[in-house]
Amino acid sequence: MKLNILAFAAHPDDIELSCAGTLAKHAEMGENVGIIDLTEGEMGTRGTPKKRLEEAAASADILGLKIRENLGFDDAFFKNDLPHQKEIVKKIRQYQPDIILANAVTDRHPDHARASELISESVFLAGLKKFETIDDNGNIQEAYRPNKVYHYIQSLPITPDFVVDVSDQWQ
């Protein structure tokens, strides 16, 4: 399934705290939107991985997502390296989003900045024909690069390049 917007997040609550209204708005407009969480947030001080996955599933229904996946990377220990990049590239090529949303470039939480860098580099790699990935059916995936990558605001204030009015989705 082709997605209009694919949001990546280091943890299962990052999107909900940062840009859920944008995804809900675009889903209401009939666009295909989805989220891929990198980790289960297992190092978090509140909740459990099981509870976070349950909340993520409930959130997917509320937001009108077409997909919500979790890559199961190790929370606090994932890296911007080839094995992790390949997994991200596979998802970008699978869903061929027009727009990617990613964690803030700089943030108080080191996972957020690391996820931002991982996603940004993976977007570039996804467009390289010689960077080979295999889909779940054993087929070689075609190179694909989205039109835009935007980084959502998290805990550190920054001046946004644009703001999406989500007043109608706020409730």
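Which residue has its charged end over the ring of Phe78? The legends below take this up, one close-up view at a time.

The model is predicted, so local features need pLDDT of at least 70 and side-chain atom pairs count only at pLDDT 80 or more, while totals for chains, interfaces and linings use all residues. Residues are numbered from 1 along each chain as its sequence is written, and side-chain values use heavy atoms, with hydrogens and water left out.

**View 1. Charges over rings.**
The charged end of Arg114 sits over the ring of Phe78, at 4.8 Å from its centre. A charge counts as sitting over a ring if NZ of Lys or CZ of Arg is within 6 Å of the ring centre and within 35 degrees of the ring normal. Another case is Lys86, which lies over the face of Phe131, 6.0 Å from the ring centre.

**View 2. Aromatic pairs.**
Two aromatic pairs are found in the structure. Rings of Phe, Tyr and Trp (its six-membered ring) pair if their centres lie within 6.5 Å; planes under 30 degrees apart count as stacked, over 60 as edge-to-face and the rest as tilted. The ring centres of Phe73 and Phe78 are 6.5 Å apart and the planes stand at 40°, so this pair is tilted. Phe73 and Phe78 are both buried (buried means under 20% relative accessible area, exposed over 50%, partly exposed in between, with a 1.4 Å probe and protein chains only). Tyr150 and Phe162 make an edge-to-face pair, with 4.9 Å from centre to centre and 75° between the planes. Tyr150 belongs to strand 5 (residues 148-151) and Phe162 to the segment after strand 5, so the pair ties together parts that are twelve residues apart in sequence. Helices (H or I, at least four residues) and strands (E, at least two) are DSSP runs, numbered from the N terminus. Tyr150 is partly exposed, at 29% relative accessible area, and Phe162 is partly exposed too, at 46%.

**View 3. Around His84.**
His84 is part of helix 4. With a relative accessible area of 16%, His84 is buried. Apart from neighbours within four places in sequence, His84 is in contact with Phe73, Phe78, Lys79 and Leu118; contact means heavy atoms within 4.5 Å.

**View 4. The largest nonpolar core.**
A nonpolar core is a set of buried Ala, Val, Leu, Ile, Met, Phe, Trp, Tyr and Cys residues joined through side-chain atoms within 4.5 Å. The largest one has 23 residues, and those touching the most other members are Leu6, Phe8, Leu38, Phe78, Ile88, Ile92 and Ile119. At least two residues each come from strand 1 (5-9), strand 2 (33-39), strand 3 (67-73), helix 4 (82-95), strand 4 (99-102) and helix 5 (110-126). Helix 5 gives the most, with six residues. Leaving out residues up to four places away in sequence, the residues touched by Phe8 include Ile15, Ile36, Leu38, Ile88, Ile119 and Tyr152. There is also a second, separate core of 16 residues, among them Ala9, Ala27, Ile35 and Leu63.

**View 5. Helix 5.**
The expected span of a helix is 1.5 Å times one less than its number of residues. For the 17 residues of helix 5 this should be 24 Å, and the end C-alpha atoms are 24 Å apart, which agrees. The buried residues of helix 5 include Asp111, His112, Ala115, Leu118 and Ile119.

**View 6. Salt bridges.**
Side chains of opposite charge can pair when their charged atoms come close. A salt bridge is a side-chain nitrogen of Lys or Arg within 4 Å of a carboxyl oxygen of Asp or Glu, and by this rule there are seven. Asp37 pairs with Arg68 in a salt bridge, with 2.9 Å between the closest N and O atoms. This pair links distant parts of the chain, since Asp37 is in strand 2 and Arg68 in strand 3, 31 residues apart. Both Asp37 and Arg68 are buried. Glu54 and Lys50 also form a salt bridge, with closest N and O atoms 2.9 Å apart. Glu54 and Lys50 are four residues apart in helix 3 (residues 49-63), so about one helical turn separates them. Glu54 is partly exposed at 41% relative accessibility, whereas Lys50 is exposed at 61%.
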